[in-house]
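Subject: Handover of a structure, with notes

Dear colleague,

Please find below the structure that I am handing over to you. My notes on what was found in it follow.

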Amino acid sequence: MTEPNSFLEVRDLRTHFPTDDGLVKSVDGLSFSLDRGKTLGIVGESGSGKSVTSLSIMGLHKGGSARISGEVLLDGQDLVSSSAEEVRLLRGKRMAMIFQDPLSAMHPYYTVGHQIIEAYRVHNKVTKAVAKKHAIEMLDRVGIPQPDKRVDAYPHQFSGGMRQRAMIAMALSCDPDLLIADEPTTALDVTVQAQILDLIRDLQREFNSAVIIITHDLGVVAELADDIQVMYAGRAIEYGTAEDIFDRPQHPYTWGLLGSMPRIDRERTERLIPIKGTPPSLINVPSGCAFNPRCNYASLNEGASETERPELLDIGAGHKVACHLSPGQRQKIWETDIKPKL
Amino acid sequence: MRKIEGRSLGQIAWMRLKRDKVAIVGFVVIVLLILMAILAPLIVKAIGHPPNEFNQDLIDTQGGTLAPLGRFGGMSWDHPFGVEPVNGRDLMSRVIYGSRISLLIAFFATLLSVTIGTVMGIVSGFFGGWVDALISRLMDVFLAFPLLVFAIALAGVIPDDAFGLQGDSLRIVLLIFIIGFFNWPYIGRIVRGQTISLREREFVDAARSLGARRPYILFTELLPNLVAPILVYSTLLIPTNILFEAALSFLGVGVRAPTATWGGMLSDAVTFYTMPHFMLWPGLAIFITVLAFNLFGDGLRDALDPRSR
């Protein structure tokens, strides 16, 4: 399965939130690994556990309410069993995060420079002047024009794209080995999206960091990710390289995602094919395969989809899928039913 | 052409405040009152009548009423506000000196309430859980406390010489403590509520994601966002405390005679209901002060919170 010496290893991660209505299983048994210099894309609908996964890795899930189990090994150190203070020391220095909306993620009362300086000084015992020089350098690196002037600007004086660049500069100020980008381009318009994705890719090459990119936009992962993990109801239902997911997808849910994605090479007269139904409640996850109520092919297995949860199994070369359909069935459906419509 | 510049939040608030004429009048009155209190010895020296100087020659000792001689309570160029019955002390200098006690106690009591309330509220809201439950119940206990009864009882129990202090300074410290210490839950609740909504904001997560410590988040990330409500509440708490101090002095719990306080002067005046001018001046002083603080506080709230209009 996973190579034991990967830089980031997540093993059977479970993050549950007890509520008055029942136990919310936001992440329920997730395992994956990621090497330096590689990018993992995590895709899924809203409420599939993507963001909770990233917050659990960072140790940012809300204090006492979450029940978290499993292992998150960052360079061999288990973050789940580490103390809050140990994890805090790693945040920013070894792992950092880019948030969805840079305007709300930056403090409105302080200048952009001040915030980068503070972020740098948490982990580096340097004077303010040295930190400021570093902040200007970082702003320059992420492509902010006139960084020596812009360093004294407030977040609201920046455009959306500049803010996200500054946020990236802040996250990278201590040169972290792991960068988690939680929907980094959702709040930006399309042309700026492309620039930010280019920037993340360039900086990743420069710093040789591991990147997790969380999104519901398949276009984003197609652009950036080496590997892709498709999540549904807190679990991974398909995992593979970008080519596996886009060229040889095996899970009906992945087919659904691809079918509902607008593509520039598709006839405009054709309608997008939505996935019927809505994502399940994470309190009452359907028995068997969580996707079965929405799956067009659940009836092909004599009820196995309703009663038995499919395991995430390797179908060759690291491409993993959790589905009761036999490889032959999947191959046939893909060739005849799905591929021609994409 | 005017240069286009970014304005800080403080500048915007100041601009809005300047447009609010009523608030500015309140502000000017407050400044004048504070100056009057600070410069009281100089002003009274200029008037030439110390607050505790007896002027028996201005009192009608023949008629048996001991009322001031002359019309309107002995008003004259020499004594613009008139003089007290019985002793003939100059009312103007007593009102001026009274402002010192009132403002001093109100300011420091407010400072005490706001300090305790802010710390308790921010800790309660940020940490949540059992810390929040404990502090919230403590607030309930304090709010249910029969403060007036306690104050009267305490004033009776404390001797004239305690805690290394005596006389007026002891009474002043005592009043500051009583008024300030029991009022913190109001601001505490406001700060707690604000903190709860702020701690879920993304910039707090972002700061944590970069390894920020909890004290940093509390005092550098959260506190600046709390300044506006704290400031507004403070300006509205000061007049409440002035009234409370006056009430305590009126009940004889406050600073003791012969030191002039507004509440004490009112209390003295009650027995002379046939001479309303005696009650008029301290009453007017309290009225103007409280009104000025309230007008300014309301204006400040409108200026700091654009949504309140």
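This is a predicted model: local features need pLDDT of at least 70, side-chain atom pairs count only at pLDDT 80 or more; totals for chains, interfaces and linings use all residues.

How many of the nine residues of helix α11 of chain B are buried? Eight of them are, so that this helix, residues 262-270, is mostly covered. The buried residues are Trp262(B), Gly263(B), Gly264(B), Met265(B), Leu266(B), Ser267(B), Asp268(B) and Ala269(B). For chain B as a whole, 39% of the 309 residues count as buried.

Along the sequence the pattern reads α-α-α-α-α-α-β-β-α-α-α-α-α-α. Among the contacts in chain B with a separation of 6 or more, 71% join residues 24 or more positions apart.

Chain B also touches chain A: 14 residues of chain B are in contact with 23 residues of chain A. On the chain B side, the elements that give two or more residues are α9 (202-209) and α10 of chain B. Of the elements on this side, α9(B) gives the most, with six residues. By class, the side of chain B that touches chain A has five nonpolar, four polar and five charged residues.

Turning to chain A, one open sheet has eight strands in the order β6-β7-β8-β3-β9-β10-β12-β11, with mixed pairing. Its edge strands are β6 (95-98) and β11 (313-314) of chain A, each of which pairs on one side only. Within this sheet, strand β9 (residues 227-232) of chain A runs antiparallel to strand β10 (residues 235-241) of chain A, and six bridges join the two. Met231(A) stands opposite Ala236(A) in β10(A). Helix α7 (residues 160-171) of chain A packs on the sheet, where it touches β6 and β7 (178-182) of chain A. The direction of α7(A) makes about 170° with that of β6(A).

Helix α7(A) has a helix partner as well. In general, two packed helices are described by the angle between their axes and the distance between the axes. The axes of helix α4 (residues 112-123) of chain A and α7(A) come within 9 Å and cross at roughly 20°. That angle makes α4(A) roughly parallel to α7(A). The crossing of α4(A) past α7(A) is right-handed. Which residues meet here? From α4(A) they are Val112(A), Gln115(A), Ile116(A) and Ala119(A), and from α7(A) they are Ala166(A), Ala169(A) and Met170(A). The residues of this contact divide into six nonpolar, one polar and no charged.

Chain A has a further open sheet, of four strands in the order β2-β1-β4-β5, with antiparallel pairing. Strands β2 (22-34) and β5 (77-78) of chain A each have a single partner strand, so one side of each is left without a neighbour in the sheet. Two bridges join strand β4 (residues 67-74) of chain A to β5(A), and these strands run antiparallel. The bridge partner of Leu74(A) in β5(A) is Gln77(A). Helix α1 (residues 50-58) of chain A lies across β1 (8-19), β2 and β4 of chain A, running at about 70° to β2(A).

Yours sincerely

Technical notes. Residues are numbered from 1 along each chain as its sequence is written. Chains are lettered from A and ligands numbered from 1 in the order in which they are written. A residue is buried if 20 or more other C-beta atoms lie within 10 Å of its own, exposed if 12 or fewer, and partly exposed in between; C-beta atoms are placed from the backbone. Two residues are in contact if their C-beta atoms, placed from the backbone, lie within 7 Å. Two strands pair if DSSP finds at least two bridges between them. Axes are lines fitted to C-alpha atoms, for helices over the stretch in contact, and angles run from 0 to 180 degrees between N-to-C directions. Ala, Val, Leu, Ile, Met, Phe, Trp, Tyr, Cys and Pro count as nonpolar, Asp, Glu, Lys and Arg as charged, and the others, Gly among them, as polar. Angles under 35 degrees count as roughly parallel, over 145 as roughly antiparallel, 65 to 115 as roughly perpendicular and the rest as oblique. A crossing is left-handed if the near helix is turned anticlockwise from the far one by less than a right angle, and right-handed if clockwise.
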